[in-house]
Amino acid sequence: MTMIVGYASDERGKAALHLAGMLARSAGDDLIVCSVVPAPWVPGMARVDAEYQDFLTQSADQALERARSFLPADVPATYVRHSARSAPAGLLEMAEQNDARLIVLGSSSAGVFGHIALGSVTDRLLHSSHVSLALATRGFRCPGDRKVSRVTAAFGGTETAEDLVLAAASVSADVNASLRIATFAVWARPAYTTRLGTDSEDLVMQEWRSELDKTVNATLAQVQDLPEHPRTVETVIGSGTTWSEAIDEIGWEAGDVLVVGSSELGPVARVFLGSRATKILRHSPVPVLVIPRRRAEELAEQAAED
């Protein structure tokens with residue numbers, strides 16, 4: 001299989017290459033490192049447009065040459081300059097032409113170091129891509145021999161979330177990693193007062209956990225029935241008064257990848273993040289794999305049939 005790396009000649013590009021190297025090494029995939037340049041306008045009499053186009057082409061070629069030095073030698077890669085009306089459109093065209101299963105991107109340089117920040121290209125693709133996206137945290141780096149060791153699926157308890165878990169199980173089995181099913185609860189505990197306690201809130205939380213356990217166990221049984229199993233499977237709940245606390249509570253390690261799915265309200269075939277998924281993505285301390293709803297359904301069906 002093939003992965004497309006959207007390469008930019010700054011720190012975003014280096015982070016994307018490090019993540020792509022880890023993913024490709026784990027899955028045995030080939031990489032296409034792509035630099036997209038704007039499609040040329042019809043040159044004017046003074047040929048200013050043509051000269052500018054030559055400058056963009058040379059800059060893209062120089063950027064791809066630098067990319068060769070960042071990607072480990074054990075990961076097969078092809079370096080391509082592609083002309084398109086925009087960077088998102090060009091990456092989607094390359095993905096379609098090469099039947100790629102993943103587009104790998106870096107974070108905006110304006111974001112918090114160690115977390116994911118959406119730039120104009122990533123934000124556009126999160127609303128239009130029919131291909132799964134892998135987003136590197138800002139400044140992401142990994143050793144040249146690192147592979148994915150654990151895949152964490154963000155579980156929301158819905159029917160589509162079950163497909164996402166099965167898709168994540170397929171991914172983890174493919175890269176010989178363990179699977180973790182994680183649910184996040186952001187709960188602002190009321191302050192104690194002289195008259196009112198928090199017993200009712202505690203009961204609500206206990207009931208929620210009880211119902212969640214039933215749903216997770218049912219999904220876990222489906223994972224265990226798959227022909228190709230993840231190396232190990234565990235379930236965790238992260239809770240806190242903020243999304244950052246809830247996500248940090250479950251603990252993260254080098255080699256971790258978080259998987260989130262598209263909103264049920266968005267287009268079936270495209271990535272479309274809901275409010276919860278967006279918050280999880282922005283607070284994740286590890287790279288995130290975003291799977292479109294239809295792609296999650298396909299992966300779940302394939303996992304069950306293999």
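Which side chain makes a polar contact with the side chain of Asp256? In this predicted model, the partner is the side chain of Arg150, at 2.7 Å.

Asp256 is part of strand β9. Is this residue buried or exposed? Its relative accessible area is 2%, and because the limit for a buried residue is under 20%, Asp256 counts as buried.

Besides its contact with Arg150, the side chain of Asp256 has a polar atom that lies 2.7 Å from the backbone nitrogen of Glu253. When neighbours within four places in sequence are left aside, the residues in contact with Asp256 are Ser149, Arg150, Arg180, Val286 and Pro287.

## The sheet

Strands of a sheet pair through backbone hydrogen bonds, and the pairing may be parallel or antiparallel. Here, ten strands make up an open sheet with mixed pairing. Their order is β3-β2-β1-β4-β5-β10-β9-β6-β7-β8. Strands β3 (77–84) and β8 (233–240) are the edges, each pairing on one side only. From one strand to the next, the twist averages 25 degrees.

Strands β4 (residues 102–105) and β5 (residues 132–135) run parallel and are joined by four bridges. Leu105 has Leu135 in β5 as its bridge partner.

## Helices packed on the sheet

Helix α3 (residues 87–97) packs on the sheet, where it touches β1 (2–6), β2 (30–38), β3 and β4. The direction of helix α3 makes about 130 degrees with that of β3.

Helix α8 (residues 275–283) also packs on the sheet. The strands touched by helix α8 are β5, β6 (150–154), β7 (178–186), β9 (256–261) and β10 (288–291). Its direction makes about 165 degrees with that of β9, the strand that holds Asp256.

## Salt bridges

How many salt bridges does a search of the whole structure find? The search finds seven. One of them joins the side chains of Asp74 and Arg25, with an N to O distance of 2.8 Å. This pair links distant parts of the chain, 49 residues apart: Asp74 is in the loop between α2 (48–70) and β3, and Arg25 is in helix α1 (residues 11–27). Asp74 is partly exposed at 46% relative accessibility, whereas Arg25 is buried at 13%.

Another salt bridge connects Asp61 with Arg81, whose closest N and O atoms are 2.7 Å apart. Asp61 belongs to helix α2 and Arg81 to strand β3. A further salt bridge is formed by Asp174 and Arg101 (3.1 Å, N to O). Asp174 lies in helix α5 (residues 159–174), and Arg101 in the loop between α3 and β4. Through shared partners, salt bridges join Asp29, Arg101 and Asp174 into one network.

Note on methods
Residues numbered from 1 in each chain as written. Predicted model: local features only at pLDDT ≥ 70, side-chain atom pairs only at ≥ 80, totals over all residues. Heavy atoms only, no water. Pairing = 2+ DSSP bridges. Helix = DSSP H or I, 4+ residues; strand = E, 2+ residues; numbered from the N terminus. Axes fitted to C-alpha atoms, helices over the stretch in contact; angles between N-to-C directions. Contact = heavy atoms within 4.5 Å. Buried < 20%, exposed > 50% of the residue type's maximum accessible area, 1.4 Å probe, protein only. Polar contact = N/O pair within 3.5 Å; in protein donor to acceptor, adjacent residues only side chain to side chain. Salt bridge = Lys/Arg side-chain N within 4 Å of Asp/Glu carboxyl O.
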